[in-house]
Amino acid sequence: MEFIGVDGWPAPLLKDVPLSESKSRELYLDCVYMVRKIYQESKLVHSDLSEFNMLYCNDKVYIIDVSQSVEHDHPLALEFLRKDCTNITEFFRKKGVCTMTMRELFDFVTDPNINANNVDDYIEKAMKIASERSENEPTEQEKVDEGVFKQTYIPRTLDEVEDYEKHILKIQEGGAGEEIYYSTLTGMKPDLSGVQQQPALLSEQTNEEIDDSDTGSSDDEESEGSLTGSRQSHKHQRSRDESPNTKKERKQAVKDEKREKRKTKVPKHLKKRKEKLSRINKGGKK
């Protein structure tokens with residue numbers, strides 16, 4: 001253990017720190033990465049994670065009060081994890097961050113197909129989906145679905161699944177039945193037809209989306225994106241005699257640049273909102 005603070009003064013709780021929208025977005029991404037790391041590497045669930053159990057010091061978030069955490073195979077671990085995901089989502093959503101839904105965050109934390117090679121691509125895709133939802137309030141049906149997900153028993157392994165064959169038959173017949181909440185957690189395809197080889201979110205990407213993700217371009221960032229993309233392409237250009245180690249370092253550098261860009265990137269719906277307000281203000285002056 002070590003003291004977290006500056007010059008003998010303890011670091012404040014995250015709930016007491018005034019944060020800008022851009023800083024909130026950066027800290028949100030840090031938090032979701034940490035929750036996944038705790039679950040996947042430490043095999044733990046905090047079980048009481050919220051803005052009351054995080055400290056803010058030197059522009060970083062520190063998770064505290066880990067003593068009450070439980071192992072990931074604890075009977076109530078997934079229930080606690082859903083609560084942690086809910087607390088994080090609600091706090092940063094109030095700060096103006098376009099967050100994943102609670103279930104999307106839960107899937108990100110528990111998906112066994114996410115690894116060091118695709119985690120950044122996964123987050124980029126997830127945050128793009130979140131930003132496209134913009135500030136629209138969830139529908140009543142979406143609220144009901146999330147409430148059901150919070151309360152539903154989720155088996156951690158296929159051995160804990162009752163009537164597994166019945167679930168498969170329902171999906172094949174296209175009949176209405178209970179939603180399959182355990183497919184991502186157990187590494188199965190959404191239709192339970194076999195083992196999922198990569199995260200379902202990434203497997204849904206079209207070639208057009210992948211190209212757009214690689215270039216980092218968008219309609220309202222076309223000029224900036226073209227210049228930035230040009231600079232990056234020359235900076236990380238692949239040589240013909242590139243060694244395996246050099247190739248690995250080049251790919252890692254590209255990933256690091258994308259990660260830093262996501263922290264400061266303004267969601268498209270916010271840009272459109274600012275443009276609309278600007279036009280309204282100009283019209284009022286006339």
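These notebook entries record what I looked up in a predicted model.

**Entry 1: helices α1 and α4**

I began with the packing of helices. Two packed helices are described by the angle between their axes and the distance between the axes. For helix α1 (residues 21-40) and helix α4 (residues 119-133), I noted an angle of about 130° and axes 12 Å apart. The two helices α1 and α4 are therefore oblique to each other, and their crossing is right-handed. I then listed the residues that make the contact. From α1 they are Arg-25, Tyr-28, Leu-29, Val-32 and Tyr-33, and from α4 they are Val-119, Asp-120, Ile-123 and Met-127. Sorted by class, the contact of α1 with α4 holds 7 nonpolar, no polar and 2 charged residues.

**Entry 2: helices α3 and α5**

I next turned to helix α3 (residues 102-110) and helix α5 (residues 140-151), whose axes come within 10 Å and cross at roughly 40°. At that angle, α3 and α5 are therefore oblique to each other. Met-102, Arg-103 and Phe-106 of α3 meet Glu-146, Phe-149 and Lys-150 of α5. The classes in the contact of α3 with α5 are 3 nonpolar, no polar and 3 charged residues.

**Entry 3: Thr-86**

I looked up Thr-86 and found the residue in helix α2 (residues 77-94). Is Thr-86 buried or exposed? Thr-86 counts as buried because its relative accessibility is 10%, and the cut-off for buried is under 20%. Leaving aside residues up to four places away in sequence, Thr-86 touches Met-102 and Lys-150. I had already recorded Met-102 in α3 and Lys-150 in α5.

**Entry 4: salt bridges**

Side chains of opposite charge can pair when their charged atoms come close. How many salt bridges does a search of the whole structure find? The search finds 3.

- Asp-16 and Lys-15 form a salt bridge through their side chains, at 2.8 Å from N to O. Asp-16 is partly exposed at 48% relative accessibility, and Lys-15 is partly exposed at 34%.
- Lys-23 and Glu-26 form a salt bridge at 3.3 Å, N to O. Both residues lie in helix α1, 3 residues apart, which is about one turn of the helix. I recorded Lys-23 as buried, at 15% relative accessibility.
- Glu-140 and Lys-143 form a salt bridge, with their closest N and O atoms 3.8 Å apart. Because they are 3 residues apart in helix α5, about one helical turn separates Glu-140 and Lys-143. Glu-140 is exposed, with a relative accessible area of 58%, whereas Lys-143 is partly exposed at 44%.

Note on methods: Residues numbered from 1 in each chain as written. Predicted model: local features only at pLDDT ≥ 70, side-chain atom pairs only at ≥ 80, totals over all residues. Heavy atoms only, no water. Helix = DSSP H or I, 4+ residues; strand = E, 2+ residues; numbered from the N terminus. Buried < 20%, exposed > 50% of the residue type's maximum accessible area, 1.4 Å probe, protein only. Contact = heavy atoms within 4.5 Å. Axes fitted to C-alpha atoms, helices over the stretch in contact; angles between N-to-C directions. Parallel < 35°, antiparallel > 145°, perpendicular 65-115°, else oblique. Left-handed = near helix turned anticlockwise from the far one by under 90°. Nonpolar A, V, L, I, M, F, W, Y, C, P; charged D, E, K, R; others polar. Salt bridge = Lys/Arg side-chain N within 4 Å of Asp/Glu carboxyl O.
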